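Good morning, colleagues. I would like to present one structure today, beginning with a pair of helices and then turning to a sheet. Please look at the model as I speak.

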Amino acid sequence: MRCLVFYVSAGNGHKSAAESVRNNFKSINPDAEVECLDILKCTNKIVDKFISVGYEKTIKISPYIFGKVYYHTEKTQDVIFSNVSYAVNKSMTFKLIPLINRFDPDIIISTHPFATEIISILKRKYSYRIPLVTLLTDFMPHSAWIQPQNNAYIVSNETMIDEIAKYGIKRDNIYDFGIPIREGFLKEYNREEVLKELDLDPNVFTLLVMGGTTSSSKLEKLLEVVCKLDLPMQVVAVAGGSQRLYNSFLEIQKTSQIKTTVLGFTTKIPELMKSCDAIVTKPGGLTITECLVSKIPIIIVFPIPGVEMRNKEFLLSNKLAFLVENSKEVRALMKDIVTDKTILKEMRDRYSNHAHLNSAKDIYNLSVDIINEYRKVKYAKLNPVLIH
């Protein structure tokens with residue numbers, strides 16, 4: 001198998017999903033040739049800069065504007081927006097031709113709507129007969145993902161099948177396989193070892209607080225509230241790639257009334273999710289998927305208007321998360337879940353129906369089937385088993 005996986009660096013989720021596809025495909029079939037690329041960096045670095053930097057700036061400075069654009073184009077493709085997007089993406093397609101011809105992929109997988117549109121235009125404009133599979137990286141669809149030359153849609157939950165079918169897509173071309181994640185989340189870890197390594201007590205309720213590059217000062221205030229609670233609990237606060245947030249967490253740690261461990265960037269998120277009792281996080285698609293697979297109850301905070309709001313709605317409607325919006329709600333929720341263990345147990349039990357443990361394997365097998373049908377090549381029918 002020769003597979004190109006395209007993403008766009010607007011947020012971390014699209015790139016993470018693309019890399020998970022590549023890494024899992026290689027684990028399933030070591031002979032597979034899989035290349036993972038940012039499609040805008042391959043076509044137009046100016047547009048790439050505008051999109052990636054513009055996204056982060058908008059989210060930080062005025063998420064309201066991002067939300068307005070998202071909601072305006074959510075159900076039906078706005079004519080002006082669609083025409084501009086089409087014109088820009090069409091102008092970039094010719095730059096992909098040498099790359100496509102050189103790699104000669106059997107299949108292309110996209111984890112971003114821009115990539116799906118660019119490849120769709122390329123197929124139509126230059127008559128390329130290469131199957132295109134789109135992997136949606138959130139829990140509710142958006143019209144931007146829907147493109148005429150797409151062969152299959154991979155979605156994160158069954159509800160999305162009905163939603164995408166409303167756009168005229170055949171239900172047989174929509175697959176509820178979930179979002180693939182790093183293999184580390186499919187492993188089991190020893191809670192006692194993980195928490196003791198952080199100088200924490202494995203017998204005490206442990207809350208994981210996740211920050212990141214787009215986290216606001218609201219998260220710092222929430223951590224301050226948690227650290228002043230008179231409850232038998234402890235906290236692991238992860239600042240991610242934000243040095244400012246890391247420094248702020250350290251200041252809060254100095255006056256914390258409960259045991260608090262502060263981490264910056266870490267590669268041990270799978271171990272932490274599998275070893276903590278609940279997580280405070282923003283509802284990004286990849287993060288939600290990792291939490292569902294890890295069976296760590298989700299406490300949603302400060303969703304960005306637009307896609308994260310839609311993710312929040314999905315989680316709350318299916319009773320898969322809690323939502324806290326102020327200090328009073330934080331105190332009340334923490335008291336309930338620390339003192340009553342049945343609350344979190346019931347939520348974890350619901351996660352079993354929404355965690356796609358075999359997502360990568362299912363996507364790989366679908367890709368093989370599509371290649372067989374598209375090219376009429378007799379690939380060996382594999383029965384891969386993910387490495388645990």
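Predicted model: local features only at pLDDT ≥ 70, side-chain atom pairs only at ≥ 80, totals over all residues.

In helix H1, Asn24, Phe25 and Ile28 meet Ala360, Lys361, Ile363, Tyr364 and Ser367 of helix H17; contact means heavy atoms within 4.5 Å. Sorted by class, this contact of H1 with H17 has 5 nonpolar, 2 polar and 1 charged residues. Here Ala, Val, Leu, Ile, Met, Phe, Trp, Tyr, Cys and Pro count as nonpolar, Asp, Glu, Lys and Arg as charged, and the others, Gly among them, as polar.

Residues are numbered from 1 along each chain as its sequence is written, and side-chain values use heavy atoms, with hydrogens and water left out.

How do the two helices cross? The axes of H1 (residues 13-28) and H17 (residues 359-375) come within 10 Å and cross at roughly 75 degrees. Axes are lines fitted to C-alpha atoms, for helices over the stretch in contact, and angles run from 0 to 180 degrees between N-to-C directions. H1 and H17 are therefore roughly perpendicular to each other, a term covering 65 to 115 degrees.

Let us turn to the sheet. Helices (H or I, at least four residues) and strands (E, at least two) are DSSP runs, numbered from the N terminus; two strands pair if DSSP finds at least two bridges between them. An open sheet of 6 strands runs in the order S2-S1-S3-S4-S5-S6, with parallel pairing. Its edge strands, each pairing on one side only, are S2 (33-38) and S6 (174-176).

Terms used: Parallel < 35°, antiparallel > 145°, perpendicular 65-115°, else oblique.
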